[in-house]
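Let's take a friendly walk through this structure together. Have a look at the view below, and then we will visit a pair of helices and a strand.

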Amino acid sequence: MDESRRMKQRKHFRFAVGILVLSAIAVFGSINAMPVDAQPEPFYKGKQVRIIVGASAGGFYDRWARLLARFIPKYLPGNPSIIVQTMPGAGSLVATNYVYGIAKPDGLTLLMPNSNTYLEQLSGHKEVRFDLRKFSIIGSQEKNFMLLYMRADAPYKSIGDIINAKEPPKCGTAGVSSAGYILDRVLEIAFGAKISTVMGYPGGNEIDLAVEKGEIQCRGNTINPHYGREPFDSWHKKSFDRHLIQSGKKRDPLVPEAPTIYELMDQYKTSETNRRVAHVLLGGAEFGRFMLVTPGTPPDRVKMLREAYVKSIKDPELLAEAKKSRMDVEPSTGEELQVLLNEILNQPREVTDRVKKILSD
């Protein structure tokens, strides 16, 4: 091949490369020049999100859901609308089964179940059709330590009176994952205190009404709502009830007169095995009124929901409204609670078998 021919080929090659470069620049420039309104819209824009509450209307689960429903859209890209739907029944079992098995994994259905719903899973009951570990936890705004309240006219002034009673007191509860049922069982495990648990109430409001009517004498309740609404404010003014025990490791300032379970376990020399079982049963207090999203929700939407939740719970207006309504705020992130849930559900076989037997009796 002569020199002139080679030079022509080089010119053709350089020309072709130049055309390719110019074409690339043109394409890149056209992409950058796209108008802002042509960019993909946030997923949540124009959407409606539901919060399914596994408790009856008017309680603290419902109140927290409605408060969060007003503030989360403010921080969620696309600013969707959020509605609250109560689905009470069996201590949140109905609501949790629904969200796990029926709701779409699209990030548009959130769940606020009972804080002890994980115990339904440990119980092995055939009605349980979910695995909480497959949900993504969005966050929680408080802790849910419990107390046992008793009608003041009942003959039980202390846990010792229950231990020594010929006839056990009747305490109401919604289901095996409710605070009342758990506290009843822990008292039996730790101290041998027998309690006749009356199950099947739709929610806390109905249990409190049954106590007022004298159908039952007591209830295991979470501390914060016991001091945040009626009928308890009126009860306390009339000395209608007394508080026998609380589940935290230290006494809550709201209930200084009631000893903690841990104080009494020291006093009654509860065995180490029974202490560990009691600790698992009481673990739900750390979850508070936590929020979850349907299993299989895309990770990017989980991330958006978690970030919006964290920002919402720090919003000065939300905090002011919570304070006015006597709704305590002690938040935990979804990531923190996801780790805690896995730790609690992945217990040694000896402990889980014991817990399962207790919850199945």
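Helix α2 (residues 60-75) and helix α13 (residues 316-324) pack with their axes 10 Å apart, at an angle of about 160 degrees. Here axes are lines fitted to C-alpha atoms over the stretch in contact, and angles run from 0 to 180 degrees between N-to-C directions. Because angles over 145 degrees count as roughly antiparallel, α2 and α13 are roughly antiparallel to each other. Their crossing is right-handed, meaning that the near helix is turned clockwise from the far one by less than a right angle.

This is a predicted model, in which local features need pLDDT of at least 70 and side-chain atom pairs count only at pLDDT 80 or more, while totals for chains, interfaces and linings use all residues. Residues are numbered from 1 along each chain as its sequence is written, and side-chain values use heavy atoms, with hydrogens and water left out.

Which residues bring the two helices into contact (heavy atoms within 4.5 Å)? On the α2 side, Trp64, Leu67, Leu68, Arg70 and Phe71 meet Glu317, Leu318, Glu321 and Ala322 in α13. These contact residues divide into 6 nonpolar, no polar and 3 charged.

Now turn to strand β4 (residues 136-140). All of it is buried (under 20% relative accessible area with a 1.4 Å probe, protein chains only): 5 of its 5 residues are, so β4 is largely enclosed by the rest of the structure. Strands pair if DSSP finds at least two bridges between them. β4 runs antiparallel to strand β10 (residues 291-293), joined by 3 bridges, and also antiparallel to strand β11 (residues 332-333), joined by 2 bridges. Helices (H or I, at least four residues) and strands (E, at least two) are DSSP runs, numbered from the N terminus.

Technical notes: Buried < 20%, exposed > 50% of the residue type's maximum accessible area, 1.4 Å probe, protein only. Parallel < 35°, antiparallel > 145°, perpendicular 65-115°, else oblique. Contact = heavy atoms within 4.5 Å. Nonpolar A, V, L, I, M, F, W, Y, C, P; charged D, E, K, R; others polar.
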